[in-house]
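Let's take a friendly walk through a protein model. Have a look at it first, and then we will visit a few places together.

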Amino acid sequence: MKFCPICQKDFDDNKTDCITCGQALLNGSHLENEVIFNFSSEELILKLFNYLCENSFSSVQYYHDTKTDLYHITASSDESGKILQKILLSLNDEESSLSLTQSERETVAEYITEMAGDILPDEGAKTYVNAKDRYENMMSSASSLIIVGLIGFVFVTLVYLKLINLQMNIFFYILSLLMFSVFIGIGIFSLLKANGIKKTISTEENLSEEIKNYLLTEYKPEDSENSSFEYSEELTEEEKYFSRTEHMKKNILKHFEHADELLIDGMIEDVYNDLYPSDSEAEEI
């Protein structure tokens, strides 16, 4: 199997280029591979790519996105974590075969540090995620960050005490301690936020159930057609959907005025086809 890293589509092995965008296909499936690095410098990407190949990371591949003019390295989900650890530990190992300039080392180190922040769930996302899932995601991210940070501190300590025979300069200790401190700091902050989210799970679940029961037992779907919202049978299915959901949201807010709008959107999505089955049946036909 092959996949297009731009369109995120899978193709048969006999294909060489994406039929949509013309991008050269990579080996594997897009669901099993993820971008590890992306830089504007092809030279830097090739140095990282060759180093990883030399260290037997068999899933690494690289490609050029002509739209953004960025070069990317991808790897399987199984190897991605090991790759980042390998690069991180090699950045300041003077005996490592990873031959980067000082500027390139700082660029890669900064990139990996920023990735730690990207692990956290995006609270600005406009998609409803229930409190239970947010809690589990936050706990998983926090645990991973703290574990990586602690392992990093242990490694640096062993190097400093000469229990691991590596020749490191002062930049290695400063950069490593700063980076692992960031990991642990973000991890602890995530744990605190996760505990706060945990307290809201029961309340949110009860509210979600109340809203769902209201929509299924008290809300009258026909009211949306007779409401002040512009509605007619000549509207497209998409226009009907937005008219109806806007009416549903307005009615929910009358009964549950403090409910989060994203939560309301999620509840509407859950029951929409139950309230308006004719539309879903038409789509299937």
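## Around Asn-33

A polar atom in the side chain of Asn-33 sits 2.8 Å from the backbone oxygen of Ser-29. This is a predicted model, in which local features need pLDDT of at least 70 and side-chain atom pairs count only at pLDDT 80 or more, while totals for chains, interfaces and linings use all residues. Residues are numbered from 1 along each chain as its sequence is written, and side-chain values use heavy atoms, with hydrogens and water left out.

Asn-33 belongs to strand β4 (residues 33-39); strands here are DSSP runs (E, at least two residues), helices are runs of H or I with at least four, and both are numbered from the N terminus. Gln-61 is 28 residues away in sequence, yet the C-alpha atoms are 9.6 Å apart.

## Inside the cores

Which residues have the most contacts inside the largest nonpolar core? They are Phe-37, Leu-48, Ile-83, Ile-87 and Val-108, in a core of 38 residues. A nonpolar core is a set of buried Ala, Val, Leu, Ile, Met, Phe, Trp, Tyr and Cys residues joined through side-chain atoms within 4.5 Å. Helix α5 gives the most to this core, with 7 residues.

A second, separate core has 16 residues, among them Leu-263 and Tyr-272.

Terms used: Polar contact = N/O pair within 3.5 Å; in protein donor to acceptor, adjacent residues only side chain to side chain. Buried < 20%, exposed > 50% of the residue type's maximum accessible area, 1.4 Å probe, protein only.
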